[in-house]
Amino acid sequence: MRVLVLSDNVQQYIRIKKLFQERDRKELKIDYKHSPIRSSIWEHEDFNGKNLVINVKRDWRELLLNYDLIISMHCMQLFPKELVEGVRCINIHPGYNPVNRGWYPQVFAIIHDTIIGATIHEMDEKLDHGPIIAHETVPKYLYDTSIDIYNRVLSKEIELFEKYFDSIIDNTYITNSFENQGKVYLKRDFIDLCELELDEKVTYREVINRLRALTHGDYKNAYFFDEEGRKVYVSVNLELDE
Ligand code: 0FX
C-alpha cells in the first residue's frame, strides 16, 4: 500500500513520521512531501535540497497513479476535486469540525468563545470539509494565549491519529457527516483582526480576548499606529495565580 504524507508543518511532520515508524506496518510504502509554498519545512534536513515538492493542482494525475492513500498533515494547498474523488485523501485539521474550519482555528475560538479541538476527516473539494473520522475537543481557559491552545490541539491531533491509525490505514473507520457547515475563517480574517483601533469602545473582556488570541510566541500580530504613524506591536502576558 502506497501512502503519501503531505506536510508543511515541521513539528507535525516529525511527529507523524515517528508514529509511522513506531507502528512499523511492513506493507506500507510511505513518501513524505511538501508544498511549493515556502514554509519552515524547506529547511528540514529530510527535504532540504531534495525535490520533494508537490503541487496538487498540477500533479494530481501522477498522484492518482502512485498512491492509495494521501494524508494531509497541515498541507497548505486546497486539493482539487479530481484528486479527492480519485484517491482516499485524509486531512488532519487543527480545529474541531464543523465548528472551527479554516485558518488558525484557536484564534477564532478565543474571539468567538467556541469549542476548539482537532479533527481527522476524509477530504472533499471544500476547505476542511468532508466526512469526519474522529474529532475531539481540548480545554480552553481564560488565561490561554493562542499558542497554549495550539499546542494542546497539535497533541490532540497526534493522539487521535494514533488511536485511529489502523482503521485509517485499513479503511475500516465509520464516518460522521454534519448538516451544520460551521464557520470558515480565512487568512484575511486573521489579518483584519491584527489592526487595533485605539478609540474603539470595547469591554476589558473583549480587549483581553483579542490580545490573547493574537499572542502566539514570537509572532508580531496585533498592532496599532501611534501619533506619528509608526506601527507598534502588542502582545499580552497572562499569568494564573498559583
Ligand atoms: O500549519 P498551521 O498550524 O495550520 C494552518 C491552518 O491554520 C490550518 O487550518 C491548515 N490546515 C494548515 C495547512 O495551515 O499554520 P502555521 O504553522 O502557519 O501557524 C501556526 C499558528 O501560528 C497559527 O495557528 C497562529 C500562529 N501564527 C502564525 C503565523 C504565520 C501567528 O500567530 N501569526 C502568524 O503570522
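In which loop is Pro98 found? I started there, working on a predicted model. I found Pro98 in the loop between strand 4 and strand 5, the latter being residues 100–102. The peptide bond from Asn97 to Pro98 is cis, and its omega is near 5°.

**Another loop**

I looked at Asp24 next, which sits in the loop between helix 1 and strand 2. Its phi is positive, near 45°, and Asp24 is not a glycine.

An open sheet is built from 6 strands, ordered 2-1-3-4-6-7, with mixed pairing. I noted strand 2 (29–33) and strand 7 (132–137) as the edge strands, since each pairs on one side only. From one strand to the next, the twist averages 15°.

I followed one pairing in detail. Ser7 has Met73 of strand 3 as its bridge partner.

I then asked what helix 1 touches. Helix 1 covers residues 10–23 and packs on the sheet, in contact with strand 1, strand 2, strand 3 and strand 4 (88–93). I logged the angle between the directions of helix 1 and strand 2 as about 175°.

**The ligand**

How many residues surround the ligand? I recorded 16, and the closest of them are His74, Gly102, Tyr104, Tyr150 and Asn221.

For His74, a side-chain N or O atom is 2.8 Å from an oxygen atom of the ligand. For Asn221, I also wrote down 2.8 Å, again from a side-chain N or O atom to a ligand oxygen. For His216, a polar side-chain atom lies 3.2 Å from an oxygen atom of the ligand. I also looked up the cover over the ligand: taken alone it exposes 680 Å², and the protein buries 86% of that.

**Annotated regions**

For residues 189–239, I noted 31% helix and 16% strand, and the end C-alpha atoms are 28 Å apart.

Methods:
Residues numbered from 1 in each chain as written. Predicted model: local features only at pLDDT ≥ 70, side-chain atom pairs only at ≥ 80, totals over all residues. Heavy atoms only, no water. Pairing = 2+ DSSP bridges. Helix = DSSP H or I, 4+ residues; strand = E, 2+ residues; numbered from the N terminus. Axes fitted to C-alpha atoms, helices over the stretch in contact; angles between N-to-C directions. Contact = heavy atoms within 4.5 Å. Near = heavy atom within 4 Å. Polar contact = N/O pair within 3.5 Å; in protein donor to acceptor, adjacent residues only side chain to side chain. Areas by Shrake-Rupley, 256 points an atom, 1.4 Å probe, with all protein chains shown as cover.
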